[in-house]
Amino acid sequence: MTQLQSAQAGIITPAMRQVATDENVDVARVCEAVARGHAVIPLNPAHTSARPIGVGRLFRTKVNANIGRSTQRSACREEQRKLQVALTAGADFVMDLSVGADLASIRQGLLDASPVPLGTVPVYETISRMQGDVPQMNPDLLLKVIREQAEQGVDFMTLHAGLLHRHVPMAMQRIMGIVSRGGAIMAEWMQTHNRENPLYERWDEVLEILVRHDVTVSLGDGLRPGCLADASDAAQFGELDVLGDLVQRCRRAGVQVMVEGPGHVPFNQIQMNMEREQQVCDGAPFYVLGPVVTDIAPGYDHITSCIGATAATVYGASLLCYVTPAEHLGLPDEDEVHQGMIAYRIAAHAGDVARGLPGARDRDDAMSRARAAFDWKRQFELALDGPHAQARWQKTRTHTDEAQDDHCSMCGPEFCAMRTTKRIRDAKNPASAS
Ligand code: SF4
């Protein structure tokens, strides 16, 4: 039975118990959220090293790190190192987006090394096996790849089943057209053969495979906007309506499902986008990339997208896909993976505080108390990136005497406002000063 089927039957699984403990939520509420499809626990039983992690509005917002080799750069060992960098920085999920040769063994290495659930985009392997010949993609091969990856232990898969033949001309009206790799592949195949999306046509067969292995579907947004001018257009929302229907078909088949979202969206359209997805997809967990809120800062798109991701978290997203400083420019290196992860943990956490998730602010309050007490050690323990904070502090520390650590080099001892505050407090309450 899948987690969804168990929940629908009122059976509480060990995975639900683990999620309830980790999230400090009553297990009955976890079970109910999974049963309604408002939460998912992507966990393929064949991925024995992975732990269950819940995705949904009931829980802390999660962050996914994309890694994977391109045909131009990187090798298996580099991707293994990126996996470790992402995990150390706090990745809740990892997706292997590798393309090229020998993908099964790269994936096996990542599955073995990953204690968090791992996702893929099976059409990448399908096209890789055909040496990049998109028009010749064989739908039977695509289903075979989905089956093989499910058997291997992949926990969740992005499937671009909602982009239909009728949407392609709409997307061609845009400035950027189609910016999703998977979406562009499906569109070119449909255009070449004048046929419907094979994943959509054979969705029941796909679900039969996925239900057998409890693989969670991540419904791909093949028509996510790739620039501000293309956001919230007929193509994007036309695909979203199909995704809403596919959500219901997944749930009826007992397959856990989440929905992927934009993309590039002006800040003032983010709330509407989040609410529309929640309504059209009946509360299915929303997995968003960014959104990027301005198109003019290549090299800094971990920042442009984190601004959007924070708003997305407040208004409806449950899982954020990180964006690194390399976005739009190249394959990220290890340092960029680290920067992207930290940026997205900030966005997820800031969003959780803003939406009032119980306990979300506890760590901030502990940090504030440590700051007021000049407890630097505690500050670095609480920091999202403690080693970075400590190294930065050390860099301009003006003395080595710990007794003088009641200020930093920003204002110096004479002008340290926290130091002055302490004097005011001590003067008001001489007893506590002695
Ligand atoms: S010196 Fe300035 S920045 Fe540093 S702890 Fe004091 S008030 Fe804060």
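Two strands pair if DSSP finds at least two bridges between them, and strands themselves are DSSP runs (E, at least two residues) numbered from the N terminus, as are helices (H or I, at least four). This is a predicted model, in which local features need pLDDT of at least 70, side-chain atom pairs count only at pLDDT 80 or more, and totals for chains, interfaces and linings use all residues. Residues are numbered from 1 along each chain as its sequence is written.

**View 1. Welcome to the barrel.** Here 8 strands close up with parallel pairing, in the order β3-β4-β5-β6-β7-β8-β9-β10.

**View 2. Meet strand β8.** Strand β7 (residues 216-219) runs parallel to β8 (residues 257-261), and 3 bridges join them. L219 stands opposite V259 in β8. All are buried on both faces of β8: V257, V259 and G261 on one side, M258 and E260 on the other. A residue is buried if 20 or more other C-beta atoms, placed from the backbone, lie within 10 Å of its own, exposed if 12 or fewer, and partly exposed in between. Because 5 of the 5 residues of β8 are buried, the strand is largely enclosed by the rest of the structure.

View 3. Helix α15 (residues 334-354) lies across β3 (62-67) and β10 (317-321), at about 160 degrees to β3. Leaving aside neighbours within four places in sequence, A86 is in contact (C-beta atoms, placed from the backbone, within 7 Å) with residues including V337 and M341.

Notes. Two residues are in contact if their C-beta atoms, placed from the backbone, lie within 7 Å. Axes are lines fitted to C-alpha atoms, for helices over the stretch in contact, and angles run from 0 to 180 degrees between N-to-C directions.
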